[in-house]
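Subject: Structure handover

Hello,

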Amino acid sequence: MNKEITVVRIEPKRAPEIVTVTDTLKSLQEAIRGNIEIVQCGAEHFRHCVLIIDEEGKLKGAEYNRSLKDETGKVYDILAGPFLVTGLSEDD
């Protein structure tokens, strides 16, 4: 039996929502509608989480979603399409 995980799903122009997904490659790809790329959260208060994004979101012309900022507040990237936020361990 496949394990289920709780994640925060963030769609463009929508409020984040907490959802449960099956912890399989296929299920995660369906949740973001693309191929998975893992992005480490850079901000200190988010160091125990990762973003699961569509690696080709921008290339496919997906709608821009959220910006990523460094510690000074400067934007260093923009995410396109839906993405998931999840912890690094079972406790997160």
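Glycine 34 sits in the loop between α1 (25-32) and β3 (36-40); helices (H or I, at least four residues) and strands (E, at least two) are DSSP runs, numbered from the N terminus.

Before going further, the conventions: this is a predicted model, in which local features need pLDDT of at least 70 and side-chain atom pairs count only at pLDDT 80 or more, while totals for chains, interfaces and linings use all residues. Residues are numbered from 1 along each chain as its sequence is written, and side-chain values use heavy atoms, with hydrogens and water left out.

Glycine 34 is buried, at a relative accessible area of 15%; buried means under 20%, exposed over 50%, and partly exposed in between (1.4 Å probe, protein chains only). Leaving aside neighbours within four places in sequence, glycine 34 is in contact with Gln29, Asp54 and Lys60, where contact means heavy atoms within 4.5 Å. Proline 82 is 48 residues away from glycine 34 along the chain, and their C-alpha atoms are separated by 9.3 Å.

The other glycine, glycine 57, is in the loop between β4 (49-54) and β5 (64-69). Glycine 57 is buried, with a relative accessible area of 1%. Not counting residues up to four places away in sequence, glycine 57 touches Ala62 and Ala80.

On the surface, Tyr64, Val75 and Ile78 form a nonpolar patch with about 290 Å² of accessible area together. Areas come from the Shrake-Rupley method with a 1.4 Å probe, and for residues only the protein chains shown count as cover. Tyrosine 64 belongs to strand β5 and is exposed, at a relative accessible area of 56%.

For the chain as a whole, there are one helix and seven strands, in the order β-β-α-β-β-β-β-β from the N terminus. Of the 92 residues, 35% are buried. Among contacts between residues at least 6 apart in sequence, 40% join residues at least 24 apart. The chain exposes about 6,300 Å², of which carbon and sulfur atoms supply 51%.

Regards

Methods: Patches are made of residues with over 30% relative accessible area and no salt bridge: like charges are joined within 9 Å, nonpolar side chains (Val, Leu, Ile, Met, Phe, Trp, Tyr) within 5 Å. A salt bridge is a side-chain nitrogen of Lys or Arg within 4 Å of a carboxyl oxygen of Asp or Glu.
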